[in-house]
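Let's go through this one together, feature by feature. Have the model open while you read.

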Amino acid sequence: MTHVKRLPAMISLQHVTFQFANGETLLADLNLSIDHTSTGIVGRNGRGKSVLAQLIAGVLVPSSGSISRSASAVYVPQRVVVNPGMSVADLSGTANVLAALERMAAGAAHIDDFDLIDNRWDLAERLRGALDEAGLASLAADSSAEQLSGGQLARVVLIGALLASPQVLVLDEPTNHLDSDGRAWLMRALGQWRGGLVVVSHDRPLLDSLGRIVEVSPLGLLVYGGNYETYRRQRDAEQQAAVAALEQARLERSRERRRLRKDHDTLQRNAARAHQHAQTANVDRFTQARWKRTASEVVSSVRSEQYARKQQLDTQVRQAHERVEEQSPTLIALPASTVPKGRLVLRLVDACLPWLHTPALTLSLTGPVRVIVQGPNGCGKSTLLKVLAGDSHPVRGECCVPVPTAYIDQQLAFLEDRRSVIEHLNLLETPLAEGELRTRLALLQLNAVRVTQPVAQLSGGERLKAAMAIALWREIPAQLLLLDEPTNHLDLESVLAFEHALQGFAGALVVVSHDEAFVRAIGPTHRLQWTSTGWCLEAV
């Protein structure tokens with residue numbers, strides 16, 4: 001880890017601990033200062049990244065410790081909740097001020113409207129300009145929020161946070177639902193931001209634009225100066241050193257154990273001879289007893305020293321092991337997931353997607369193809385996957401998918417929250433014996449407790465692993481995976497593991513994703529791109 005130049009702290013966490021209501025500790029004794037250095041927060045799912053962000057923003061209160069603030073903060077969560085009747089103004093948090101401005105213009109102002117407006121007399125114009133800049137020119141302040149796509153909702157909420165002009169902006173996975181244009185807009189907006197910035201993210205290009213990385217780890221918060229690329233290099237070097245230290249600790253323990261066993265055997269022989277000598281020596285009984293007692297005391301003392309040394313060696317190995325990051329799991333598909341070369345995977349003939357006024361789509365794909373689907377929010381990417389999965393039907397034309405499929409949407413809707421992973425697989429008559437099934441799930445870091453819990457209790461990353469296991473380990477495993485923004489709820493290490501798993505998948509893929517690093521990693525054969533004239537399929 002590098003040392004970073006200290007700037008005046010805007011928000012400072014001192015010995016902060018956070019516990020859930022049931023007493024479970026998620027974060028313990030954290031110390032962190034937030035200044036004007038843009039900061040990315042990374043770490044494995046379930047380690048408390050979002051909770052840390054909410055503590056920084058003041059949304060949550062620590063169970064112990066203190067947080068001092070000299071700056072205002074706004075928090076933008078991962079998931080946007082839209083209540084019935086909400087407008088764009090409501091969603092962006094500008095509704096009250098805009099209403100006050102309208103009352104002012106109509107000469108019907110309330111007594112507290114001046115305080116409400118403060119210095120935001122141009123808010124209506126700024127909101128209009130921000131919507132246009134974000135590619136949302138078709139929206140107005142009174143547009144219904146209930147009709148917006150996930151990407152449009154995300155942009156409106158981000159616009160509201162920017163217009164609030166806090167001194168510290170805290171964003172939790174802000175690119176999750178953004179298309180390529182939305183991500184480009186966000187990068188421009190953050191590039192122009194002059195306040196403090198804290199971002200929880202697994203988006204590598206976004207993390208590469210930041211000034212430092214904070215990792216939430218079992219050892220606490222690890223702070224790295226520089227962007228994600230710099231962090232990755234330092235982290236990899238630390239892991240190599242940690243693995244080497246663990247191997248050295250294990251080797252030393254093995255050598256010492258052999259020496260201690262040898263010393264123990266020698267001690268036992270010498271003690272036995274001492275007892276024999278005391279028994280046969282021509283001395284009185286009192287001296288014999290004293291010699292035997294002395295021999296026993298020496299044996300007991302040496303045994304205690306040896307036990308303490310073994311404990312010390314075990315502690316050294318355990319401490320070294322704690323610094324080695326657990327390896328990312330690999331998902332192993334069943335042989336029946338393979339798609340032979342030349343086999344028809346999907347065919348669309350003049351297919352018009354439901355609910356969308358878009359040109360008809362015609363295409364035919366065979367073999368283990370890998371298709372990346374991209375386009376602006378609202379163009380029908382998710383709808384296309386639903387049609388291919390059979391969950392929806394084209395309003396006109398033909399859709400044929402003759403291979404077993406698994407549709408894994410952004411909400412993982414096919415998972416029943418009340419059922420466990422094991423229950424899901426048993427209902428789908430998995431051919432795997434329960435012992436092998438549990439072993440495979442354990443390799444995915446889903447232990448014996450997690451696989452029997454309702455999936456509602458799993459983290460986002462754990463739910464995706466469960467969904468993939470169900471898709472590939474059921475009686476008729478999927479030969480075509482339909483994945484809708486699959487990396488949205490994964491931590492960075494799980495994204496890398498997921499990339500590796502898909503690289504070894506012998507079936508076909510149709511993936512909606514705007515994560516270009518992920519797209520490059522899985523090696524697409526085709527790209528299906530929405531254009532102003534309709535869908536365009538190109539070989540990669």
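Q: Where is glutamine 239 found?
A: Glutamine 239 lies in helix 9, residues 228-280. Helices here are DSSP runs of H or I with at least four residues, numbered from the N terminus. Keep in mind that this is a predicted model, where local features need pLDDT of at least 70, side-chain atom pairs count only at pLDDT 80 or more, and totals for chains, interfaces and linings use all residues. Residues are numbered from 1 along each chain as its sequence is written, and side-chain values use heavy atoms, with hydrogens and water left out.

Q: Is glutamine 239 buried or exposed?
A: Buried means under 20% relative accessible area, exposed means over 50%, and partly exposed is in between (1.4 Å probe, protein chains only). Glutamine 239 has 14% relative accessibility, so it counts as buried.

Q: And which residues does glutamine 239 touch?
A: Contact means heavy atoms within 4.5 Å. Leaving out residues up to four places away in sequence, glutamine 239 touches Arg323, Val324 and Glu325.

Q: Now alanine 140: where is its place?
A: Alanine 140 sits in the loop between helix 5 (123-133) and helix 6. With a relative accessible area of 26%, alanine 140 is partly exposed. Not counting residues up to four places away in sequence, alanine 140 touches Val88 and Arg128. The C-alpha atoms of alanine 140 and valine 88 are 7.0 Å apart, although 52 residues separate the two along the chain.

Q: At what angle do helix 5 and helix 6 pack?
A: Axes are lines fitted to C-alpha atoms, for helices over the stretch in contact, and angles run from 0 to 180 degrees between N-to-C directions. Helix 5 and helix 6 pack at about 140°, with axes 10 Å apart. Under 35 degrees counts as roughly parallel, over 145 as roughly antiparallel, 65 to 115 as roughly perpendicular, and the rest as oblique. That's why helix 5 is oblique to helix 6.

Q: Which residues make that contact between helix 5 and helix 6?
A: Helix 5 brings Leu123, Arg126, Leu127, Ala130 and Leu131, and helix 6 brings Val156, Ile159 and Leu163.

Q: What about helix 6 and helix 7: at what angle do they pack?
A: Helix 6 (residues 150-163) and helix 7 (residues 180-192) pack at about 10°, with axes 12 Å apart. So helix 6 is roughly parallel to helix 7. Arg155, Leu158, Ile159 and Leu162 of helix 6 meet Gly182, Trp185, Leu186 and Ala189 of helix 7.

Methods
Helices (H or I, at least four residues) and strands (E, at least two) are DSSP runs, numbered from the N terminus.
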